[in-house]
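This report goes through side-chain contacts, starting with aromatic rings and moving on to charges and the surface. Please keep the sequence and the model in view while reading.

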Amino acid sequence: MSSPVLFPIAPDWTKEVTETTSYLTDVLVAYSDAEQRRGLRASPRRSLAFSLTTADSRETALLEAILFGAIQDPLALPWWPDALRLSSDLPSGSRSIPFDPATRLFASGGLAVVWRNPFENELLSVANVTGDKIELASPTMNDWTAGDSILLPAFLVRLGTTVDVSRFSSGGLQADFAFSGEAGQIAPAGSWTPTQYRGMDVLEVSPNWTQDSKRTLARSLIVLDAKTGDVTVEAKSPSPIASASLEWFLADRADIAKFRSFLDRRMGRLVPFFAPTWNQDLLLVADVLATDSAIRIQTSSYSRFLFPSTSRRDLALLAVTGERAYARVVDAVQNSDTTETLTLAGPIGTAFRADRTQISFLELVRLGSDDVALSWSSSTFAESSLPIVEVPREVPA
């Protein structure tokens, strides 16, 4: 089998580059809103979308040639957000490349690219990835210097059936490309393990609150109304289902690696996780000792309206100083004053000051989509908007 054609032209980094990870989940919803989910992909498909501009006539001719001759074939696309400069010169005949691949998408059995410019580059097969280098399936053919060469992972992708290009001169063009990843490609397994609570992952990432946070409560109801008499309403499920979007800012490569690992642990909409609402859902009225197994809150009708639902019995105590604790409420009582007492399943384990602690509900949720986009402004930082949907029928009793 011949090597795939390399798409060697870099994106225009004055515009965002969008990486999308796509799983596939079959979601069956019962009358009560309980779900049965089946994962249909063992590994995700990765897509990349970006704009590019060519002002050099030779580069423009190269792009046109690739589009004309190889648009129907899989292309090897350098994964531009994961670019990094060679740490040392790489002479021809090299069988390994020293560097730390932990925060990039290099994988054993995958592809890599050494790139200097659109006309000087080399597509490589990766035999193995270790902690400090990648080992190649065959030696390099060219000499590469650390000062002007970069190393990137690569994935097989396809373009759609049509591509629009805009000529702003006889030798320059601008185009928007959306590359769809091929199925079954190898990618590294994530190494990050989140905090565990009741046997499930907890997403301990506070939202990037740059705009108003929208939260939706949906209750499945059957409404019978003949328009001439009484209205009958029947609730299909015992409680509403919340959905929201978590704006996640990724400040460095470690955060980006964590994000990718988190997505792989979710497998799209398949695997649920716990997440705080990050709202001040309950208000402490007294400090909490590490040995306390009960807390007092200001009256907010928690005992009457929320405690009966198992999906509102898990709490996240979040101190402004960084301490966190998760607790299960096993009883709730309205006191004779303006407080309620919540009895916990055990000692809280951490001391909290009432005036420096936020109590949020800890909801069991899943991703709201199998496709999650990561928007890159540079190869250093990125952001994503994660849609999440509550799965209250799956909260452990």
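## Aromatic pairs

In this predicted model, the structure holds 16 aromatic pairs. One of them joins Y302 and F307 in a tilted arrangement, with 6.4 Å from centre to centre and 55 degrees between the planes; both Y302 and F307 are buried. Elsewhere, ring pairs link W192, W248, F259, F262 and F273 into a cluster.

## Charges over rings

F262, a member of that cluster, also has the charged end of R266 sitting over its ring, 4.8 Å from the centre. In another contact of this kind, R312 lies over the face of F361, at 5.7 Å from the ring centre.

## Salt bridges

Across the whole structure, a search finds 24 salt bridges. E35 takes part in a salt bridge with R37, where the closest N and O atoms are 2.8 Å apart, and in another with R366, where the closest N and O atoms are 2.8 Å apart. Because R366 belongs to strand β26 (residues 357–367) and E35 to strand β4 (residues 35–39), their pair ties together parts that are 331 residues apart in sequence. R366 and E35 are both buried, and R37 is buried as well.

E120 forms a salt bridge with R116, the closest N and O atoms being 3.3 Å apart, and E120 is partly exposed, with a relative accessible area of 36%. Salt bridges with shared partners also join E19, D82, R253 and R260 into one network.

## A nonpolar surface patch

L221, V223, V231 and V233 make a nonpolar surface patch of about 340 Å². The elements that contribute two or more residues to this patch are β18 (221–225) and β19 (231–235), and V223 lies in strand β18.

Methods
Residues numbered from 1 in each chain as written. Predicted model: local features only at pLDDT ≥ 70, side-chain atom pairs only at ≥ 80, totals over all residues. Heavy atoms only, no water. Patch = residues over 30% accessible without salt bridge, like charges linked within 9 Å, V, L, I, M, F, W, Y side chains within 5 Å. Areas by Shrake-Rupley, 256 points an atom, 1.4 Å probe, with all protein chains shown as cover. Salt bridge = Lys/Arg side-chain N within 4 Å of Asp/Glu carboxyl O. Helix = DSSP H or I, 4+ residues; strand = E, 2+ residues; numbered from the N terminus. Phe/Tyr/Trp six-rings, centres within 6.5 Å; stacked < 30°, edge-to-face > 60°. Buried < 20%, exposed > 50% of the residue type's maximum accessible area, 1.4 Å probe, protein only. Lys NZ or Arg CZ within 6 Å of the ring centre and 35° of its normal.
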